[in-house]
Amino acid sequence: MKKKIIENIKTILYALIIALIIRTFLFQPFYIPSSSMEPSLLVGDRLFVSKYSYGYSRHSLPFSPNFSNKRYLSRNPERGDVIVFKTPTDNRTDYIKRLIGLSGDSVQIINGDLYLNNKKIRRNKIDKFTKINCGNEILNVNAFEETLPNGKKYMAVYKKEGTMQNTDRFFVPDGHYFFMGDNRDCSKDSRFLSSVGYVSFKNLVGKARLIFFSNNKNEGNFFEFWKWSKSIRIDRFFKKIL
């Protein structure tokens, strides 16, 4: 009996070690709690983030132990990547946003248009979305397909009335990045210097790759199986994140 208990404990420990290795070096699951990345990511989406995409830092490990300020096996991210990072204010909280500005770039919104290095980002208006969530509020929006200088395309939405028309010109420091949410008027991101601001390379956790599960909590939680037909978004299962 004692031998069997010891073997069970060993099995559990091995499983935990394997899970920790996968979570630290390969993939980590994340849950989307806010509307800041709609329509690309919805509240209730669960996704995998690749930890190896940009190399490893202390934020690759659980609880972000402060053992080093370096990044190992580093690779540079690209404009348009959807990235999970630790907020600079506390180095603990996970945010997920789209990378817009690289080190040395300038970013500004002028008359409602996004400018990168003094050049207006090309965008085409689309009619796919006219309303979008922002917490418990529904926003009337204009939707655009924006194209970054490297050819990366994605959808961004702006409030029809009350959108942020003009901002200061942001200059991205060396070794840092500028992030924005696709739901432009419902996102706390690098435009808010006191709460997020410029994000250091060492604060990047990983690249968002794939939605593996999605549940609309407003229609019922996972354990209410009789509501699955409305609450579970099967069409989002195994959807690649662009």
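In which strand is the place of T147? In this predicted model, T147 belongs to strand β10, which covers residues 137-147. With a relative accessible area of 7%, T147 is buried, because buried residues are those under 20%. Beyond its neighbours within four places in sequence, T147 makes contact with I121, R122, K152 and K153.

The protein chain as a whole contains two helices and 16 strands. Along the principal axes, its C-alpha atoms fill a box of roughly 75 × 50 × 30 Å. The chain has 242 residues, and 45% of them count as buried. Among contacts between residues at least 6 apart in sequence, 59% join residues at least 24 apart.

Aromatic pairing was examined next. F170 counts as buried, at 7% relative accessibility, and F178 counts as buried at 0%. Y177 and F201 form an edge-to-face aromatic pair, with 6.0 Å from centre to centre and 65 degrees between the planes. Y177 is located in strand β13 (residues 176-180), whereas F201 is in the loop between β14 (199-200) and β15 (204-214); the pair therefore ties together parts that are 24 residues apart in sequence. Y177 is buried, its relative accessible area being 7%, and F201 also counts as buried, at 15% relative accessibility. Elsewhere, F27, F48, Y52 and F212 are linked into a cluster by ring pairs.

R123 is placed over the face of F144, at 3.8 Å from the ring centre. R123 likewise lies over the face of Y158, here at 5.0 Å from the ring centre.

The largest pocket has a volume of about 790 Å³. Its lining comprises 30 residues, and those nearest the pocket centre are E38, P39, S40, L42 and R236. The elements giving two or more residues to this lining are β9 (131-134), β11 (153-159) and β16 (239-240). By class, the lining of the largest pocket divides into eleven nonpolar, eight polar and eleven charged residues.

P39, one of the residues nearest the centre of the largest pocket, is also part of a cis peptide bond: this bond joins E38 and P39, with omega about 5 degrees. P39 is situated in the loop between β1 and β2 (45-50). Most peptide bonds are trans.

The second largest pocket has a volume of about 250 Å³. It is lined by 15 residues, with P33, S34, D94, Y95 and I96 nearest its centre. Both β1 (27-31) and β4 (94-101) supply at least two residues of the lining, and β4 gives the most, with four residues. The lining of the second largest pocket consists of nine nonpolar, three polar and three charged residues.

The structure also holds one cavity of 30 Å³ or more. About 30 Å³ of space lies in the largest cavity, which is lined by S57, R58, H59, S68, N69, K70 and K202. No nonpolar residues are present in this lining, which is made up of four polar and three charged residues.

Backbone geometry was considered last. Most residues other than glycine have a negative phi. N91, although not a glycine, has a positive phi of about 55 degrees. N91 is found in the loop between β3 (82-86) and β4, and it counts as partly exposed at 23% relative accessibility. N117, also not a glycine, has a positive phi of about 55 degrees. Its place is in the loop between β6 (113-116) and β7 (119-120). With a relative accessible area of 32%, N117 is partly exposed.

Definitions and conventions:
Residues numbered from 1 in each chain as written. Predicted model: local features only at pLDDT ≥ 70, side-chain atom pairs only at ≥ 80, totals over all residues. Heavy atoms only, no water. Buried < 20%, exposed > 50% of the residue type's maximum accessible area, 1.4 Å probe, protein only. Phe/Tyr/Trp six-rings, centres within 6.5 Å; stacked < 30°, edge-to-face > 60°. Lys NZ or Arg CZ within 6 Å of the ring centre and 35° of its normal. 1 Å grid on protein atoms, 1.4 Å probe; cavity = no way out; pocket = protein on both sides within 12 Å on 5 of 7 lines; lining within 4 Å. Points joined across faces, edges and corners; volume = space filled by probe spheres on them. Nonpolar A, V, L, I, M, F, W, Y, C, P; charged D, E, K, R; others polar. Contact = heavy atoms within 4.5 Å.
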